Amino acid sequence: MPDAVADNDFAPGFETVSGAWTRVAGTAGNYGQSCHRHAASTSGAQVRFRPDVPMSGVYAVSTWYPADKTLTSRASYVVEHAEGRTTVKVDQSSGGGTWVPLGEFTFSAGGGGAVELSADAGQEIAADAVRLSYRGAVVDNDSAGYEAVAGDWNKATGVTGYYGDSYRTHPAGTGDAVVRWRADVPVGGACEVAVWYTAASNRASDAPYTVHHAGGSTVVRVDQREHGGQWVSLGDFRFTAGQPATVELSDAADGYVIADAVRLVRR
């Protein structure tokens, strides 16, 4: 599984945005040769990690800092990802010398993702390394892994909460209109499959998603009148390495069917 690490000793994966950060070597539990430190401050001094994302998908983001009980208990990490910005507070006075998780987020290959650390902590703070570990894939309706197999699926932006730049829509039908998402599976095993759509009162209460997995095919019906603008789980399924995971959606429903995005995350 692809990983990406941004260490404080290697540009362009690390940069000082503002403030006086001092490189300190020889501290117990450093990742690599050193870390950068900033004294207790309320100045908003900041550094930025930019891991080189090897492929688009979902990544577990972790941070590394030295083992030092004098470090701040409220370090503020801001993760810039494909779905926005998320702030995560970390107690650097414990858990040092190992990878500390910040959460799972979606990133696009080729740049755009970053993790920022601010010295607005009132205590000394350390900036050492950030790691992204690949967990799964996201396929949007505007990406190469999506296709309209049959029928005219109109591109729309009229209802807010869509993933990416748009979503596709089709009125209720008999199942003749079908769209398909294909996601790469670099390592086989169990994955959670989730879908994203926009919700409204005219949506289908029984949108039929078909998940093609190692054990066959499973139909999961989703009420698209609610829980829009977020990931909605279809369940856990096993997939075979090297064979794309396929999810299909048809118009065999009682209202407008929305095709937006599909996500696979390894269990």
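**View 1. Strand S4 within the predicted model.** In this predicted model, five of the five residues of S4 are buried, so the strand is largely enclosed by the rest of the structure. Ser34, His36 and His38 point one way from S4, while Cys35 and Arg37 point the other way, and all are buried. In a regular strand the side chains alternate between the two faces of the sheet.

**View 2. The open sheet containing S4.** Three strands, in the order S3-S4-S11, make up an open sheet with antiparallel pairing. Strand S3 (22-25) and strand S11 (125-127) stand at the edges and have a single partner strand each, so one side of each is left without a neighbour in the sheet. On average, and with direction ignored, neighbouring strands of this sheet are turned by 40° against each other.

**View 3. Pairing on either side of S4.** S3 and S4 are paired in the antiparallel sense over four bridges, and Thr22 stands opposite Arg37 in S4. Strand S4 (residues 34-38) is also joined to S11, by three bridges, and these two strands run antiparallel. Arg37 stands opposite Ala126 in S11, whereas His36 stands opposite Ala127 in S11.

View 4. When its neighbours within four places in sequence are left aside, His170 is in contact with Asp152, Trp153, Ala177, Asp251, Gly255, Tyr256 and Val257.

Note on methods:
Residues are numbered from 1 along each chain as its sequence is written. This is a predicted model: local features need pLDDT of at least 70, side-chain atom pairs count only at pLDDT 80 or more; totals for chains, interfaces and linings use all residues. Side-chain values use heavy atoms; hydrogens and water are left out. Two strands pair if DSSP finds at least two bridges between them. Axes are lines fitted to C-alpha atoms, for helices over the stretch in contact, and angles run from 0 to 180 degrees between N-to-C directions. Contact means heavy atoms within 4.5 Å. Buried means under 20% relative accessible area, exposed over 50%, partly exposed in between (1.4 Å probe, protein chains only).
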